[in-house]
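Here are my notes for your read-through. Please keep the model open beside them.

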Amino acid sequence: MADWMQVDLHIHTAVSPCAHEEMTPWNIVRMAQLEGLELIAITDHNTIANAWAVIEVGEELGLAVLPGVEVQTREEVHLLGIFPTLEQASAFQDFIWSYLPDKPNHPEILGEQILYDNSDRPVGTVERLLLQSVLLGVEEVGAAIAAHGGLTIAAHINRRSYSLISQLAMVPDGLKLDAVEIDRSLSYQGFMKEYEELCRYPILCNSDAHSLTDLVGNYRPWLLLDEASFAALKELLASDIRSRIQFR
Ligand SMILES: [Zn+2]
Ligand SMILES: [Zn+2]
């Protein structure tokens with residue numbers, strides 16, 4: 001039976017150099033549950049390295065966690081790819097990594113890229129710089145997400161940097177989007193007024209959390225979902241979402 005649920009499909013762990021080291025699997029799942037979330041996605045910059053650990057903690061504590069990636073394209077646009085399984089997400093990551101320049105991270109500038117296990121133990125770091133563009137355009141990245149069975153969401157589309165609007169001022173014809181995400185600086189109503197032409201896409205609000213306090217707040221909509229799963233999310237985004245989204 002369908003139920004109203006809160007969902008957050010854009011959360012970073014500490015492997016993203018710009019995220020706080022408190023973004024560990026247990027902290028994220030516990031905070032998401034305190035906030036009443038029923039479905040989340042882990043979307044680190046150009047990697048799924050910590051997603052498995054968050055998924056396992058979610059299984060233990062009863063929270064549905066999907067693997068995802070926030071890809072930075074050649075045009076410096078951020079696109080979210082959300083996947084049904086870790087295997088599909090992993091195959092997608094392998095694909096984009098062959099287009100990710102082999103430059104080292106400099107922790108003193110951007111921060112460490114910390115790997116955690118499912119007990120919140122730091123078990124290493126990623127050496128290659130994650131916060132950089134892959135050598136693929138938005139249309140190629142969108143096609144690759146779809147080819148790996150994922151959903152493509154334009155991240156923080158109204159933000160003045162790293163968004164489709166800031167970099168390209170439009171959605172290219174060859175890019176198939178399953179949804180657009182609003183940056184928290186703008187309300188849902190404000191977005192609909194300002195970006196009328198983008199309202200043909202399902203509109204989502206996620207946290208883009210880089211710290212635990214970013215997860216706190218009532219900016220997320222309630223979505224009428226059949227269950228907390230990838231399949232139900234995909235079905236919702238393909239339907240007429242307007243009758244199935246509420247802001248409270
Ligand atoms: Zn971003
Ligand atoms: Zn992000």
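1. Buried here means under 20% relative accessible area, counted on protein chains only. By that cut-off, H78 and H156 are both buried. Keep in mind throughout that this is a predicted model.

2. Start with the zinc ion (ligand 1). Its protein donors are E70 through OE, H78 through ND1 and H156 through NE2. They lie 2.1 Å from the ion. Along the chain, these donors follow the pattern E-x7-H-x77-H.

3. Now the zinc ion (ligand 2). Which residues supply its protein donors? They are H10 (NE2), H12 (NE2), E70 (OE) and D208 (OD), at 2.0 to 2.2 Å. Their spacing in sequence reads H-x1-H-x57-E-x137-D.

4. Water is not among the atoms, so sites may look incomplete.

5. E70 bridges the zinc ion (ligand 2) and the zinc ion (ligand 1), and the two ions lie 3.6 Å apart. E70 belongs to strand β3, while D208 belongs to the loop between β9 (203–205) and β10, so this pair ties together parts that are 138 residues apart in sequence. Both E70 and D208 are buried.

6. Next, strand β10 (residues 222–225). L223 and L225 form its covered face. W222 and L224 form the uncovered one. Strand β10 pairs antiparallel with β1 (residues 3–11) over four bridges. Strand β11 (residues 245–246) also runs antiparallel to β10, joined by two bridges. Look at L223 in particular. M5 stands opposite L223, and I245 in β11 is a bridge partner of L223.

7. Last, helix α2 (residues 51–61). Its buried residues are A51, A53, V54, I55, V57 and G58. What do they pack against? The partners are the helices α1 (25–34) and α3 (86–97), plus the strands β2 (37–45), β3 (64–72) and β5 (114–116). Strand β3 is also the one that holds the bridging E70. Just after α2, G62 takes a positive phi of about 85 degrees.

Methods: Residues are numbered from 1 along each chain as its sequence is written. Chains are lettered from A and ligands numbered from 1 in the order in which they are written. This is a predicted model: local features need pLDDT of at least 70, side-chain atom pairs count only at pLDDT 80 or more; totals for chains, interfaces and linings use all residues. Side-chain values use heavy atoms; hydrogens and water are left out. Donors are N, O and S atoms within 2.8 Å of the metal (3.2 Å for Na, K and Ca); water is not among the atoms, so sites may look incomplete. Buried means under 20% relative accessible area, exposed over 50%, partly exposed in between (1.4 Å probe, protein chains only). Two strands pair if DSSP finds at least two bridges between them. Contact means heavy atoms within 4.5 Å.
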